[in-house]
Amino acid sequence: SARVTIPLLQQWKEERRRITMTTAYDAVTARIADSIVDILLVGDSVGNVCLGYDNTLPVSMPMMNYHLEAVARTRPRALLVADMPFLSFHVSPQETIRNAGGFLQRGADAVKLEGGAKRIDMIRALVQCEIPVMGHLGLTPQSVNVMGGFRVQGRTSEAALQLLEDAHRLEQAGCFALVLEGIPAELAARVTEILKIPTIGIGAGAKCSGQVLVFHDVVGLTEGHRPKFVRPYSNGFQVLQDALASWATDVREGTFPDAQESYRLPESLAEVVAN
Ligand code: KIV
Ligand code: NA
């Protein structure tokens, strides 16, 4: 099907056609997901999902570029969004533009960055350079130390009003879409109602313009604590481990490989090796 574009996402919000987004960190996950979803996100969640870190803070620009390049080589039809890691958009507009521009030069269609009012100047600088920006509000994982853990946000009237104002400011700064993570469903519904741009929810209820989940969570590859907003659609971990165990058993029993899975010498040479 046709390539997904930013104007198309805007049209889909207006038509109330729900948008789907998942993560891709390498060529394999990109190929599996590309024909299914509208947006592929090279998320900084690669840090905890694939690289063994406890949170996303250790993820760097070189790490993000490495994963983005692997996904971009598959030339996805989905809109390709690259996540700006911690400290890549905080130091100066110059550094922010270089980092985000580098993502676009590596094949990303847009970048995503976490935060509200405090990040408006950086977002404006990017939009000024023709770099499309997806915002991200609510439970922003790069703020884990400030939040005191991964906690639902926007639950007090003060916090809810602040989030509504941040959402407005991100739209005014030129964001083309907004991820809403870990906030009450009613608040996400209200943001979706008052903004013109689409909202993509994760742990933010069903009234957003679309939904995002980490690929490994959807297919059941993640171990350990599972947040309530994750619905695994397969036991990927068990399915893959069972396949591997069957192969290991066959090897140990000598039934893998069989004749069909082996190469043969030409008839005329068989006896040369035998002797
Ligand atoms: O890094 C990520 O996977 C994300 C999504 C969950 C929105 O930021
Ligand atoms: Na992220």
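Eight strands close into a barrel in the order β1-β2-β3-β4-β5-β6-β7-β8, with parallel pairing. (Strands are DSSP runs of E with at least two residues, helices are runs of H or I with at least four, and both are numbered from the N terminus; two strands pair if DSSP finds at least two bridges between them.) Neighbouring strands of this sheet are turned against each other by 25° on average, direction ignored. The structure is a predicted model, in which local features need pLDDT of at least 70 and side-chain atom pairs count only at pLDDT 80 or more, while totals for chains, interfaces and linings use all residues. Residues are numbered from 1 along each chain as its sequence is written, and chains are lettered from A and ligands numbered from 1 in the order in which they are written.

Lys-112 has Met-134 of β5 as its bridge partner.

The axis of α5 (residues 93-105) comes within 9 Å of that of α6, and the two cross at roughly 50° (axes are lines fitted to C-alpha atoms, for helices over the stretch in contact, and angles run from 0 to 180 degrees between N-to-C directions). That makes α5 oblique to α6; angles under 35 degrees count as roughly parallel, over 145 as roughly antiparallel, 65 to 115 as roughly perpendicular and the rest as oblique. The crossing is right-handed, i.e. the near helix is turned clockwise from the far one by less than a right angle. On the α5 side, Pro-93, Thr-96, Ile-97 and Ala-100 meet Asp-121, Met-122, Ala-125 and Leu-126 of α6 (contact puts C-beta atoms, placed from the backbone, within 7 Å).

Turning to α8 (residues 157-173), α6 packs against it at about 25°, with the axes 9 Å apart. That makes α6 roughly parallel to α8, and this crossing is right-handed too. Ile-120, Ile-123, Arg-124 and Val-127 of α6 make the contact with Arg-169, Leu-170 and Ala-173 of α8.

Finally, the ligand. Around ligand 1 sit Thr-23, Leu-41, Gly-43, Asp-44, Ser-45, Asp-83, Val-179, Glu-181, Ile-202, Val-212 and Val-214, each with its C-beta atom, placed from the backbone, within 6 Å.

Definitions and conventions:
Two residues are in contact if their C-beta atoms, placed from the backbone, lie within 7 Å.
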